[in-house]
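Here are a few friendly notes to read alongside the model. Take the points in order and keep the picture open as you go.

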Amino acid sequence: MAAIEWHDFANREALDTLLAASVAKTLAEAIATRGEASLVVSGGRTPAGLFAHLRQSPIDWGKVWVTLADERWVDAEHADSNEALVRQHLLLDKAAKARFVGLKSGGNTPVEGLATSTAQLAAIPAPFDVVILGMGDDGHTASLFPQAPELAAAIDPAGMARLAAISPITAPHARITFTLPALASARRLILHMTGEAKRDLLLRQFSADAPETLPIRRVIDAAKENCHVYWAP
Ligand SMILES: O=C1O[C@H](COP(=O)(O)O)[C@@H](O)[C@H](O)[C@H]1O
């Protein structure tokens, strides 16, 4: 079973600076080895500062594929769109040359769009070189939400699907998300999180008296390589 490697920082600026450098190094190594690289990023509130550093990294962004760990089923212009976040904060400066593939496709619901979204990802090299996950206060990661009716299938380590449609009970918007097998097979799996509440929630997941096993722990347990947790208060 994969383990956690912790990287603690005094503040978020230090975290974002060092994490961006580490991700850029891994992407450059992947390009040198395989001619191209794949990067999966998360949405939400946490990654904007990281993206501001990462987009300045002097790597060959034209050889980097970028996609999302998950997406809310809203238009790309919507304030809650993870694609909008990536376009506004990552795909600029040096990273403007990256090849981005979003998860939202046609169809009124993620269920309707699932086949098209899966097909549009076909060009991206897998297993992914770098997957950067976030974690919600409820232990969800990507859009693998506790209590969602589709969760069990989406976190099945033997599942064959790369993407799943999710109807969260505890958060707005229908979602599309990479499944546990697609995320956990990453060559470098990173959990980027801030704040003491999230740190304590994650640590409790690995204590003997954890009340339930949350999606984030399921992904870490299934990871092919150790999961690198990058954390700051
Ligand atoms: O809904 C989502 O939440 C998680 C965590 O977001 P944060 O705002 O607590 O950083 C995020 O990783 C995921 O991509 C997003 O869709």
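1. Strands here are DSSP runs of E with at least two residues, helices are runs of H or I with at least four, and both are numbered from the N terminus. This is a predicted model, in which local features need pLDDT of at least 70 and side-chain atom pairs count only at pLDDT 80 or more, while totals for chains, interfaces and linings use all residues. Residues are numbered from 1 along each chain as its sequence is written.

2. Which strands does E9 pair with? E9 and E10 (residues 227-232) run parallel and share six bridges. Strand E6 (residues 130-133) is also parallel to E9, joined by four bridges. Within that pairing, Val-131 has Leu-189 as its bridge partner, and Leu-133 has Leu-191. Two strands count as paired if DSSP finds at least two bridges between them.

3. Is E9 buried or exposed? Seven of the seven residues of E9 (residues 188-194) are buried, so the strand is largely enclosed by the rest of the structure. Both of its faces are covered, with Arg-188, Ile-190, His-192 and Thr-194 buried on one side and Leu-189, Leu-191 and Met-193 buried on the other. A residue is called buried if 20 or more other C-beta atoms, placed from the backbone, lie within 10 Å of its own.

4. Now step back to the sheet. Seven strands form an open, parallel sheet in the order E1-E10-E9-E6-E2-E3-E5. Strands E1 (4-8) and E5 (99-100) stand at the edges with a single partner strand each, so one side of each has no neighbour in the sheet.

5. For the whole protein, there are eight helices and 10 strands. Its radius of gyration, taken over C-alpha atoms, is 16 Å, close to the 17 Å that the globule rule gives for 233 residues, so the protein is as compact as a globular protein of that length. That rule is 2.2 Å times the number of residues to the power 0.38. Buried residues make up 45% of the 233.

6. Finally, look at the ligand. It is surrounded by 14 residues, and the closest are Ser-42, Gly-44, Arg-45, Thr-46 and Gly-134. To count as near, a residue needs its C-beta atom, placed from the backbone, within 6 Å of the molecule.

Methods
Buried ≥ 20, exposed ≤ 12 C-beta atoms within 10 Å, placed from the backbone.
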